[in-house]
There are 2 protein chains.
Amino acid sequence: MITIKEVAKRANVSSATVSRMLNDSGYVSEEARDRILKVIEETGYVPSENAKSLRTKKTKVIGVILPKLGSETTSRMVNGLDRVLAAEGYQLLLANTNLNAGKEIEFLKLLKSRDVEGIVLSATNTNDLLLAEIQKLNIPFVVVGQDMPDTPSVVFKETSAAQEMIDYLIEKGHVKVAFIGVSESDRAVGMLRKKGYLAAMKEHDLPIEDHWIQTAVFDVESGYHAMKNIMEKSDQRPTAVFAVTDRLAIGAMNYIKEAGLRIPEDMALAGVGASELSQYVTPSLTTIDFQYNNAGQEAANLILSLINQKNIPKGKIVLDYGLVKKDSV
Amino acid sequence: MITIKEVAKRANVSSATVSRMLNDSGYVSEEARDRILKVIEETGYVPSENAKSLRTKKTKVIGVILPKLGSETTSRMVNGLDRVLAAEGYQLLLANTNLNAGKEIEFLKLLKSRDVEGIVLSATNTNDLLLAEIQKLNIPFVVVGQDMPDTPSVVFKETSAAQEMIDYLIEKGHVKVAFIGVSESDRAVGMLRKKGYLAAMKEHDLPIEDHWIQTAVFDVESGYHAMKNIMEKSDQRPTAVFAVTDRLAIGAMNYIKEAGLRIPEDMALAGVGASELSQYVTPSLTTIDFQYNNAGQEAANLILSLINQKNIPKGKIVLDYGLVKKDSV
DNA sequence: AATCGGTATGTAATCGATTACACATATATG
DNA sequence: CATATATGTGTAATCGATTACATACCGATT
């Protein structure tokens with residue numbers, strides 16, 4: 001590989017001059033500049049970012065830890081991150097935990113050892129080990145999607161969004177509303193959305209049957225089974241069901257259709273996420289739009305603030321949501 | 001930041017000994033090892049990958065150039081890449097062109113300057129400038145999705161897949177088959193799939209009306225309009241339409257439904273990509289499964305072969321496909 | 001007793017850039 | 001004319017690791 005020294009030699013200058021030219025730092029004469037440019041052209045020289053980083057401590061890389069590659073939620077978030085960060089010359093270094101919680105800590109260290117300038121974590125849980133590790137990280141860090149104490153975060157109005165959705169169902173005349181959730185170890189999706197559901201039901205003095213509350217995992221299949229449970233085990237069948245993700249809602253939709261019921265006449269259905277899928281199923285799904293793309297952008301701006309040590313917002317960044325009212329309710 | 005020198009000093013050894021311990025190269029006494037381990041524990045020392053790479057020329061990073069972040073196709077491909085590469089200790093550095101062709105060359109250089117050990121390009125086009133740049137890259141390189149001369153590639157059976165789909169439509173009794181394609185600057189999706197369509201029609205001596213062939217861009221909206229054109233402008237309405245992506249097919253589906261026609265009775269419809277969406281629309285979409293996840297894995301294996309200089313397959317890797325026969329045909 | 005191989009460690013060069021500092025020359029200012 | 005000031009360039013230290021080489025000690029072998 002051709003180095004700055006080699007370029008310098010060929011252009012008959014010192015490496016310092018080449019560096020000055022490259023970085024527009026300090027004076028370089030017209031003639032020297034031309035000779036250097038010519039050599040660079042001929043040799044295809046590209047400076048080693050690695051050597052540069054070693055000296056300057058700037059890598060222009062942000063580490064991103066994701067629970068899963070290829071889910072629509074993360075895709076959108078990464079997209080938002082990239083939009084903002086690429087404009088500032090940053091690149092993203094991916095780390096995929098595949099929902100393996102232990103790996104988050106491992107990756108935190110790995111990314112730090114790579115001298116990334118900041119780390120964005122899309123979290124599905126908030127355990128103490130992880131929190132401790134984050135505290136001693138000592139580089140700009142942002143978490144998206146979960147509320148972590150004393151940590152710059154971008155979070156969603158999980159509870160009030162869920163609550164508003166239930167309110168909407170009730171407003172539409174439903175009094176028997178079922179709920180398909182996920183494990184509460186995912187505080188945001190599992191706990192807070194459930195909290196919203198319970199709060200809304202309580203506020204309207206509506207009783208909840210045990211079997212109306214189902215806990216599923218994050219896939220369509222699981223939504224199907226949860227709905228099946230609700231239908232088969234309930235004493236009183238609900239007339240509406242709220243699932244904490246669109247995938248679960250679509251699984252539920254499949255079961256409802258199979259059971260020969262009409263949506264929304266016999267059973268209303270709502271999800272969360274405003275996934276693309278939700279727009280194209282029949283009937284189209286009423287859902288909550290959390291604007292994950294926007295969350296990525298906010299996280300990017302936040303990490304940039306932390307890196308540049310200015311305009312650092314205090315407190316969490318709480319993103320708003322929108323109810324997407326479609327045909328399933 | 002704490003460095004190897006600092007660790008060495010505190011453990012009362014030289015940095016060479018610390019390095020030897022860390023890398024299991026050379027001899028280190030039990031006592032020295034324990035002291036070093038203790039210091040590392042206390043200080044939370046993590047070696048700088050940057051300094052390491054500068055010396056060893058190994059970064060354990062693979063650059064990935066994508067046309068678009070967050071499309072299902074790329075997501076799956078990246079997922080496949082990551083699965084294989086993460087197992088070998090590699091991480092992915094993302095570069096997103098946002099369909100801006102000029103950026104591909106820019107990123108090629110950028111990634112090289114970052115000393116990535118290899119580059120995977122998910123290509124949408126194959127222009128000469130790009131090809132020239134790839135030739136002089138001189139680091140392991142793999143292209144996915146487009147056939148580039150003299151370049152290690154992972155490609156799909158675009159033409160025969162399209163042809164087989166048309167054959168299938170014909171077999172189902174259709175003789176008037178329309179086509180929704182994209183610009184031929186995307187050789188794989190735009191040219192080869194069209195070629196398959198034309199070949200199949202020709203083989204069965206079926207005439208094609210001009211307006212049956214529409215060119216769209218990659219979104220649902222565009223599929224809708226293409227279908228509208230077909231319906232409004234054709235002298236003879238087709239009874240089946242093949243769209244080169246599922247999104248386009250779903251756009252077409254929307255129009256067909258709006259027009260009050262039944263699928264597949266009045267109009268059969270097929271797409272490409274086996275997107276998740278295709279499974280959940282009504283009716284479910286007949287499509288072609290190219291197994292993008294698998295493509296990512298193959299690309300990863302190929303780049304690993306190139307890096308390790310062994311088991312290098314000669315010729316392209318051509319991936320098989322499967323017809324997914326659903327209710328829309 | 002001399003020699004050899006295994007064990008253990010340290011010194012210093014190296015990777016490819018940046019940058020503080022010194023120095024030289026040219027031009028402008030009072 | 002002396003002195004500032006701007007321009008242009010090179011030398012060498014530095015970032016934090018790896019590693020070739022030198023050195024030293026030890027027990028075993030001849």
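## Close-up views of a predicted model

View 1. A residue is near a strand or molecule if its C-beta atom, placed from the backbone, lies within 6 Å of it. Residues are numbered from 1 along each chain as its sequence is written, while chains are lettered from A and ligands numbered from 1 in the order in which they are written. This is a predicted model, in which local features need pLDDT of at least 70 and side-chain atom pairs count only at pLDDT 80 or more, whereas totals for chains, interfaces and linings use all residues.

**View 2. Chain B brings the nearest residues to DNA strand D.** The largest share, six residues, comes from α2(B). Helices (H or I, at least four residues) and strands (E, at least two) are DSSP runs, numbered from the N terminus.

**View 3. At DNA strand C, the nearest residues belong to chain A.** Of the 30 residues around DNA strand C, the ones that come nearest are T3(A), I4(A), A16(A), S19(A) and A51(A). At least two residues each are supplied by α2 and α4 of chain A and by α2, α3 (30–43) and α4 of chain B. Here α2(A) provides the largest share, six residues. The classes are 13 nonpolar, 12 polar and five charged residues.

**View 4. Chain B can be laid on chain A by a turn and a shift.** The turn is 180 degrees, the shift along the axis is 0.1 Å, and the RMSD is 0.2 Å. The two copies are therefore related as by a two-fold rotation axis. The same surface serves both copies, as 100% of the contact residues of chain B recur in chain A. The superposition is by least squares on the C-alpha atoms of residues with pLDDT of at least 70 in both copies.

**View 5. Chain B meets chain A here.** On each side, 35 residues are in contact with the other chain. Two residues are in contact if their C-beta atoms, placed from the backbone, lie within 7 Å. On the chain B side, the elements that give two or more residues are α4, α5 (72–87), β2 (91–96), α6 (101–113) and α12 (276–280). By class, that side has 15 nonpolar, 11 polar and nine charged residues.

**View 6. Domain 2 of chain A touches domain 3 of chain A.** Chain A is divided into domain 1 (4–56), domain 2 (61–156 + 292–320) and domain 3 (158–289), with bounds from an automatic or database domain assignment. The C-alpha centres of domains 2 and 3 of chain A lie 29 Å apart. Eight residues of domain 2 are in contact with nine of domain 3. The domain 2 side of this contact has one nonpolar, six polar and one charged residues.

**View 7. V241(A) sits among the residues with the most contacts inside the largest nonpolar core.** This core has 174 residues, and A252(A), V241(B) and A252(B) join V241(A) as those with the most contacts inside it. A nonpolar core is a set of buried Ala, Val, Leu, Ile, Met, Phe, Trp, Tyr and Cys residues joined through C-beta atoms within 7 Å. Not counting residues up to four places away in sequence, V241(A) touches V177(A), A178(A), I180(A), M227(A), I230(A), A252(A), M267(A) and L269(A).

**View 8. S29(B) lies in a loop of chain B.** The loop runs between α2 and α3. Why is S29(B) exposed? S29(B) is exposed because 11 other C-beta atoms lie within 10 Å. A residue is buried if 20 or more other C-beta atoms, placed from the backbone, lie within 10 Å of its own, exposed if 12 or fewer, and partly exposed in between.

**View 9. The peptide bond from I263(A) to P264(A) is cis.** Its omega is near 5 degrees. P264(A) is placed in the loop between α11 (246–258) and β9 (268–270) of chain A.

Methods:
Ala, Val, Leu, Ile, Met, Phe, Trp, Tyr, Cys and Pro count as nonpolar, Asp, Glu, Lys and Arg as charged, and the others, Gly among them, as polar.
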